[in-house]
Amino acid sequence: MKKTTLNILIIGGGVAGMAAAQTFADQDVAIHLVEKESVLGGHAAMWACMATDTCQNCGACLSIEMADQVQKQENVISHLDTIVEAINKKDQGYEVILEDKETFSVEKIIMATGFSPFNPVQINSFHYDEYKNVITTADLNTILQEETLSGYFNGKPDPKIAFIQCVGSRNRELGKDYCSQVCCKISMRHAGKLTHLYPESDITLFHMDLQVIGKEIRSLFNTLSKNIALVQGVPAEILEDNQTKMLNIVVEDKETLSRVSRAFDLIVLSVGMQPSPTLETTAGILDLKSNSWGFFNTDQAALSRDVVIAGCANGPKDILTSKQEGRIAAAKIMDDLGLNEKKELNIAVFGEGIQADRTARIISSKGYHTYLFGPGTDPENDRRIISISGTAGSFSLYYESKNKKQYLTCAAIIAAVEPEQSLNRLDSLTNPSLSLDAFSQMVEETPDTCPDTSIIMLDYFGPEFKYSARLALKTAVKVKALGKNISIIMNKMLVHGAMGQRIYDTARQQGVNFFRFEACEDLKLEDSGNGFLIKLKEATLPSIELNLNCDCLVLPPNLTPAAGFKDTAALLRQSLDREGFLQSANIRHRLTRSPRKGIFFAGTCHDETDKDDLNNEINEILSEFATESFDLPAVETGVEINQEMCAQCLTCIRICPHSAIVMNQKNRPQIVADSCFSCHLCVSNCPAYAIESKTLANDQIAQKVEKNKMVILACERSSALAAGRLTLPDNITLIPIPCACRISSDVILKALLNGASKVIVAGCHEDNCRSLEGSNIADASVRKVLSIPGMDAAKVAWEPIAANETRKLENIISKA
């Protein structure tokens, strides 16, 4: 290890702790990473892959790859299978004593102690500890990983499955009046996985308010709602039939309004997150004060200046957000210790509106030379980007300003353009409605003009955005404080964030009326004098039509991808997501990065964000600036262009998913090392065979093949990691490759000619590949070989295998 001068303690080896450790990778510090389990990875490492035909963006596989990388990191000292027993404050830093009595000193501490799943034994009526087929989402992850789900269905091809949401969260009686943030997404992905595995299954998801929040979650919800039953209302009790062992839930029949019993083969309790016992213990050792929930995500909590909280210790969150917080925590410590060397960097921000302004302003306040392209909120700023060339550290922006065309060289580019925002309208009405933003502004600035009776209508035009849901709640509370009447009509209420549930509860306590509808057909809206009449079949009283009158009808804005998003994506050489927003949903690069190094995204152009989210995104990007080298050092990519063989067809420039190949001053293609991800796509696709791999040339791969053995060409970020936890049989030769896109049809044929009994190409699931199309390219290569007349179909196969699908790989091998 390098000589070090400073020591950092990270408590917790889950996603947040590992992300923090990786952020220190190039710093002259020693990282003491303490993990109570025998392996790194945390809960995420125990979660199953949710991929169906494509990746579902859960991020669980990332924990396996991160653990592998951290274990190889030179400045990390891993203390596994132990806990911190004592921490003593010294004049300079802290003395740390572990359970095994090992002692060392540190200057700063990151608490990334994760979470514990709620134990539903506490809810007697669910009989979790009594009925075998009542399981939790955590149990289901284990069952899916081990591929043992069929044992719960007695061979049925059409099992009946129920999910019950909010078990151990949003529960005031248990002192857990908070939303666990991720449970709805987890159950939706689980339901999607089960319908993929059992197409004839009958799945019902019982929920309080389904939290449809986040990138591409709307498209998941829209697809899923066509395939499963979504029922608002959580059952109170589960009873098992002694003879059939079917599980019974009493629900209300909407048509007859009677109570009926429904039977299920399997019931999954979607359990919430609660603080890890390690968090409570460590907080006590450090004399820190958590809030009433045991987390550190509200002002009620008290911290030390030398301790930074990250991940689920700071409140419930998903994998990608935990990773983000780990990076931000490490960057804060680096800043506190003076480890951030401020570089003279030009940063370009482009967009129009307050998000671009805020991004540029904060980046500039940190000492970077920041250039805002697009008007932002300043109509005098007319800088307009015409084209972008180059790579990270030396992007060349050709732009127009004041009718003059100019060039700017910059290290990085942040896209902070904003989506189209328009007022939802109802064609059946003549009287004008009011936008939610305008209504909120009126209540804030001219409260005396607030109407006597108002109705805010959410979800009518589709699942509501969290910004609108939160603004509706806060505004409604203010209206009640003015002594006015206000109601919110909704399909569900979003209660995101640390205080979401408490804000919702406060609104109810203050007398805000809440009405639910199940479908738009349950609402009829009419003009009534200068106001409105809403006829509503309320979800809990479907046989009664309610007549609701109001002076003011308030509608949320409609957010859609801006017309210019396609042009912006083309300018950046990036793809759009399924919904038309910037940045693909590929978890290898989110939350803020892109496949093209030096290109970042911030704000609502790429994800569902509020002000706090935007601040976190900016801080994450700043952490990248602090740790990313933009001076283009010599990096070994393992790939080089043989200029004598190059036909200058420019195929490599066109296909590089990372835009890492450019034309140099001699008009020859050149690989920019610091922007290259070493995927080897250019090697496998060069028509002239002019791009050569130093270690994975076709002949070099073929030489590793042993006669009469099965060859697995395994992506080093997915299937090779899955294989790392197996003892492979003697008849298997596993060859790690940087990406499945390295494998062309000629590589497969050479392996067969060298005597391989079978060739399996194994890589990431579709839409999970770091180089975007690696999985599709490998699949196409396999299909090309199989199309050869006389080729035995049993000799070649493509298998998508995630890093956390070890059992899947084992089963594939055993059946081959």
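A salt bridge is a side-chain nitrogen of Lys or Arg within 4 Å of a carboxyl oxygen of Asp or Glu. The model on display is predicted: local features need pLDDT of at least 70, side-chain atom pairs count only at pLDDT 80 or more, and totals for chains, interfaces and linings use all residues. Residues are numbered from 1 along each chain as its sequence is written, and side-chain values use heavy atoms, with hydrogens and water left out.

Buried residues account for 57% of its 816 residues; buried means under 20% relative accessible area, exposed over 50%, and partly exposed in between (1.4 Å probe, protein chains only).

Next, select lysine 185 and aspartate 318, whose side chains form a salt bridge (3.2 Å, N to O). Lysine 185 belongs to helix H4 (residues 183-197) and aspartate 318 to the loop between strand S18 (307-309) and H7, so the pair ties together parts 133 residues apart in sequence. Lysine 185 is buried at 14% relative accessibility, while aspartate 318 is partly exposed at 25%.

Proceed to lysine 317 and glutamate 325, joined by a salt bridge of 3.5 Å, N to O; both residues are buried.

Then select aspartate 452 and lysine 484, which meet in a salt bridge (3.1 Å, N to O). Aspartate 452 is partly exposed, with a relative accessible area of 48%, whereas lysine 484 is buried at 19%.

Finally, select Lys108, Arg305 and Asp306, which are linked in a network of salt bridges.

Definitions and conventions: Helices (H or I, at least four residues) and strands (E, at least two) are DSSP runs, numbered from the N terminus.
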